[in-house]
Amino acid sequence: MLDLQRCIMQAAMKNTLSRPEQITRRVRAWCRELGFDGVGFAHTRLEKYEARLMEWLDGGMHGEMHYMAAHGDKRSRPAQLVEGTVSVISVRMNYLADAADPWRVLEQPCLGYVSRYALGRDYHKLMRKRLQALATRMERAFGPFGYRAFVDSAPVLEKPLAEQAGLGWIGKHTNLINRASGSWFFLGELYTTLPLPPSAPQSDHCGRCRRCIDICPTQAIVAPYRLDARRCISYLTIELKGSIPVELRPLMGNRIYGCDDCQLVCPWNRFARLSGESDFRPRRGLDGAALLELFGWDERQFRRKLAGSPIRRIGHERWQRNIAVALGNNDYSPDIAAALDKKRDDPSPLVREHVRWALQEMERKRRAPGAPGAKRGD
Ligand code: B12
Ligand code: SF4
């Protein structure tokens with residue numbers, strides 16, 4: 001009898017607790033406990049963004065990122081990626097860490113600039129594990145439901161979903177900005193079969209500002225809200241597998257992995273908060289390491305020193321390609337010329353070609369130290 005009563009009580013509790021507003025309230029509390037800095041709820045209608053995605057792809061702006069054009073409509077139609085999805089729980093996590101001043105690193109051509117998001121441990125696994133922990137808590141409290149967790153790992157339109165979920169607005173530089181925290185954060189999602197009430201989206205607060213468009217070293221933001229990835233230094237140093245277009249190399253300065261200029265100038269990042277995650281703290285002095293030291297790492301050292309870092313993904317060959325370009329953007333220096341010369345006959349054609357370009361740059365600047373371009377090219 002007692003058991004029956006308890007059963008009835010539990011069922012009644014589950015019923016009340018499972019009301020959508022109550023689910024969202026508890027999910028918010030769990031997300032805070034799990035270390036997310038924001039959470040919101042989105043429906044899955046992304047028609048407006050789908051049309052823009054298609055325009056971007058038709059313009060070839062994704063370059064060699066063929067995965068952006070694959071998967072049919074799955075990227076813009078969540079239910080086609082995971083059957084039965086009706087709501088998306090969108091989360092964000094700050095990654096800005098206490099690190100060397102980025103402008104000072106950018107001003108010193110002999111140092112390598114690594115984008116803020118890649119200074120510490122890779123975020124993918126960390127965030128996915130926490131999304132899984134959230135789903136487990138939800139299942140325990142509300143009973144079984146369908147879900148899948150994503151962090152930059154599948155055909156998902158993360159920024160549009162986060163925008164719909166009220167986590168911020170997509171700025172003219174195309175990153176998501178939150179009014180209270182700026183844009184230095186990662187995004188992740190839980191696709192769910194639970195019908196949850198959508199959050200209210202934030203409005204656009206870029207106004208007449210265009211600082212990101214003007215500062216971009218390669219002029220990759222070809223119009224407000226439109227980024228031509230083929231020109232973006234993030235694409236050139238991380239995604240592009242082959243040769244970096246020669247005309248863009250001098251514009252890259254000392255940026256060897258990703259680029260942050262559009263976020264560094266954004267006034268909303270005055271409100272950015274430091275991440276509470278110790279995993280995102282800079283490792284191996286990557287927030288201001290000397291190019292020559294990084295160039296000296298052989299493949300084993302590269303793999304060992306960058307274990308757990310997102311940088312490892314590009315491999316030693318592209319790492320050297322990027323550093324060679326940055327070295328070539330320095331004023332003439334016998335030390336740099338000597339380090340490059342050692343790799344003039346590198347077995348990798350990709351590295352060889354970029355090293356030879358950098359050596360030519362050194363030679364040009366040695367002969368005419370006062371000539372245009374003899375100073376740093378950024
Ligand atoms: C492909 C990709 C890239 C490419 C292309 C970037 C891009 N803008 O698309 C490259 C390699 C260049 C890149 C660079 C970076 N990336 Co990236 N990238 C992605 C990825 C995998 C897909 C993005 C995408 O869907 N692009 C498609 C195009 C069409 O989207 P879009 O340019 O944003 O255009 C949309 C809007 O701008 C809008 N729109 C378009 N036109 C117009 C016109 C008007 C008038 C309006 C109002 C709107 C509008 O609709 C479009 C369709 O949704 C996502 C992860 C994911 N799965 O979503 C991460 C992601 C966007 N990247 C991220 C990061 C951190 C970066 C870098 C900061 C890394 C770095 N420091 O180097 C840079 C930022 C460069 C920049 N200014 O965008 C984060 C962004 C977090 C945030 N706060 O927004 C994401 C979400 C990864 C994550 N899980 O955290 N990235
Ligand atoms: S720099 Fe200005 S225009 Fe660019 S995203 Fe920030 S507020 Fe918007």
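Asp-152 is partly exposed, with 15 other C-beta atoms within 10 Å; here buried means 20 or more such neighbours within 10 Å of a residue's own C-beta, exposed means 12 or fewer, and partly exposed is anything in between, with C-beta atoms placed from the backbone. The model is a predicted one, where local features need pLDDT of at least 70, side-chain atom pairs count only at pLDDT 80 or more, and totals for chains, interfaces and linings use all residues. Residues are numbered from 1 along each chain as its sequence is written, while chains are lettered from A and ligands numbered from 1 in the order in which they are written.

Asp-152 sits in the loop between strand S4 (147–150) and helix H7; helices (H or I, at least four residues) and strands (E, at least two) are DSSP runs, numbered from the N terminus. Most residues other than glycine have a negative phi. Asp-152, though, is not a glycine and has a positive phi of about 50°. His-71 has a positive phi too, at about 75°, again without being a glycine. His-71 belongs to the loop between H3 and helix H4 (78–81), and its 14 C-beta neighbours inside 10 Å make it partly exposed.

Strand S1 (residues 38–42) has 5 of its 5 residues buried, so it is largely enclosed by the rest of the structure. Gly-38, Gly-40 and Ala-42 point one way from S1, with Val-39 and Phe-41 pointing the other way. S1 runs antiparallel to strand S2 (residues 87–94), and 5 bridges join them (pairing takes at least two DSSP bridges). Val-39 stands opposite Val-91 of S2.

On the helical side, the axes of H13 (residues 315–328) and H15 (residues 349–367) come within 8 Å and cross at roughly 10°. Axes are lines fitted to C-alpha atoms, for helices over the stretch in contact, and angles run from 0 to 180 degrees between N-to-C directions. H13 and H15 are therefore roughly parallel to each other, the label for angles under 35 degrees. By class, their contact has 9 nonpolar, 3 polar and 3 charged residues; Ala, Val, Leu, Ile, Met, Phe, Trp, Tyr, Cys and Pro count as nonpolar, Asp, Glu, Lys and Arg as charged, and the others, Gly among them, as polar.

Then there is ligand 1, surrounded by 37 residues, counted when the C-beta atom, placed from the backbone, lies within 6 Å. The closest are Arg-52, Ser-115, Glu-158, Ser-234 and Gly-258. This shell divides into 23 nonpolar, 7 polar and 7 charged residues. Elements supplying at least two shell residues each include helix H3 (47–58), helix H7 (158–164) and strand S7 (185–192).

Key:
Parallel < 35°, antiparallel > 145°, perpendicular 65-115°, else oblique.
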